[in-house]
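Look over the sequence and the structure before reading on.

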Amino acid sequence: MKSFFTGNGILLKLFAFTILYLQVLLASSETKLVTSENDYFEIIGTDLKSVSFLNDLSVFTASVIQNELSFSFKDPPRKVLVRLREFDDVDSYSCPISEDGSITLNFNWNESLSLEQAIEGITIAFIQSYCFSYFGNQYLDQTIYKAWSIQCLSALVEIRLRPKTEKLFWSDSETNTLSVEFFDHSFFSSDRVDKKNAFLIWEIIKASPFSKKEKRGLFFKSFQGMNVLETLNAAYQKKLNDPNFNFIEHYSTLYYTAFNSINEQFETLDKSREWLNAMTNLHVAKENSGKLMTLHEVWENREDGQIQSLLKSRLQLIALVSVRINPVYYNALQSLALVYQKMLSGDNEWDSYLFLSDFLKDLDSAERIHDTIDSHWNKVL
């Protein structure tokens, strides 16, 4: 007797698989996917506000890292695919890489995912993309990265978004001790390094009398899996002309020296103007058209869920940037926030134009002050 799963049974199996496929297809068709992309990431999800916010956050994260390491992609590598959905097998995020270098950043997108975890995921994906594209297949092994370097860059992004949190990194006296093993932990291992120490080490290094090339080199060595402690010791021994200098032993002293030299609270004028210009770009496309809506058209369609989500996302990002932007541009940023707020919940369309007029006046005033300061320093220099 033939088995039930041979002969006609094979047709039954094919029928069952076909039904299963159709169920998946129908289920996916009921959920409209939303996408957004920038130079380094392509984000896909089902919620426009989430996708928009993650897109802005990924651009911001990449900008902070590039500014810190003083490098940029000459030719953007293959973009990282970011998926926002709930995963049964992902805790907060995962960042697998295929043998051809395709990187996927999976976020378990729910209320338990913190902003810190989101930044950390974007950071490792960004560094992975850069390292694999420019240095090759050795980065298929993700355990190559030393934990302190990734944690440090993540902390820098968090502080740029929330400057008030920086004092929390400096205030804990218990972080003034450091183990020899600290520099040897791999990022994807189960041993997690203290993010405060990771941040403080970099601040200490930046306050030291090393060249920018020497400082950046420590990061790149850690990306290649090297323990930089010996390099640090040698660099300090040479600069201080002390062959017995030990970074671990002098960590507490170096900490207080760096702490006393920290005095920068706000971003530069140029960076602040760049941020403000980015905040004014609210791209809302007309349905079935590649053209962008005018301000009047946005107002007329402001009850649309997608436009509501975009406006709320932009106001959320402005709130994060407002505590870091240079005071010269602060008033203009606040005026822009009022424009978006009136578009979102105002009763009169003309109020939006009045606040827009105030924004343009504040922006013009800020740029005049900016140009005056630049002109003064150019004469001095």
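## Helix 8

The face of helix 8 turned away from its buried side carries two exposed residues, Glu 230 and Lys 238. Exposed means over 50% relative accessible area, buried under 20%, and partly exposed in between, with a 1.4 Å probe and protein chains only. Buried in helix 8 are Leu 229, Leu 232, Asn 233, Ala 235 and Tyr 236. They sit on the same side of helix 8 because they cover an arc of only 165° around the axis. That arc is taken from the directions from the helix axis to the C-beta atoms.

Helix 8 has 12 residues, 229-240, and should span 16 Å at 1.5 Å a residue; its end C-alpha atoms are 16 Å apart, which agrees. The expected span is 1.5 Å times one less than the number of residues. Asn 241 follows helix 8, with a positive phi near 55°.

## The largest pocket

The largest pocket has a volume of about 1,200 Å³. Its lining counts 40 residues; Ser 36, Asn 55, Asp 56, His 283 and Arg 314 lie nearest the centre. A lining residue has an atom within 4 Å of a pocket point.

Helix 2 (48-69) is among the elements that each supply at least two lining residues. Helix 2 gives the most, with 10 residues. By class, the lining has 19 nonpolar, 12 polar and nine charged residues.

## About the model

This is a predicted model: local features need pLDDT of at least 70, side-chain atom pairs count only at pLDDT 80 or more, and totals for chains, interfaces and linings use all residues. Residues are numbered from 1 along each chain as its sequence is written, and side-chain values use heavy atoms, leaving out hydrogens and water.

Conventions
Helices (H or I, at least four residues) and strands (E, at least two) are DSSP runs, numbered from the N terminus. On a 1 Å grid over the protein atoms alone, a cavity is a set of points where a 1.4 Å probe fits but cannot get out, and a pocket is an open set with protein on both sides within 12 Å along at least five of seven lines; lining residues have an atom within 4 Å of a point. Grid points are joined across faces, edges and corners, and a volume is the space filled by probe spheres set on the points. Ala, Val, Leu, Ile, Met, Phe, Trp, Tyr, Cys and Pro count as nonpolar, Asp, Glu, Lys and Arg as charged, and the others, Gly among them, as polar.
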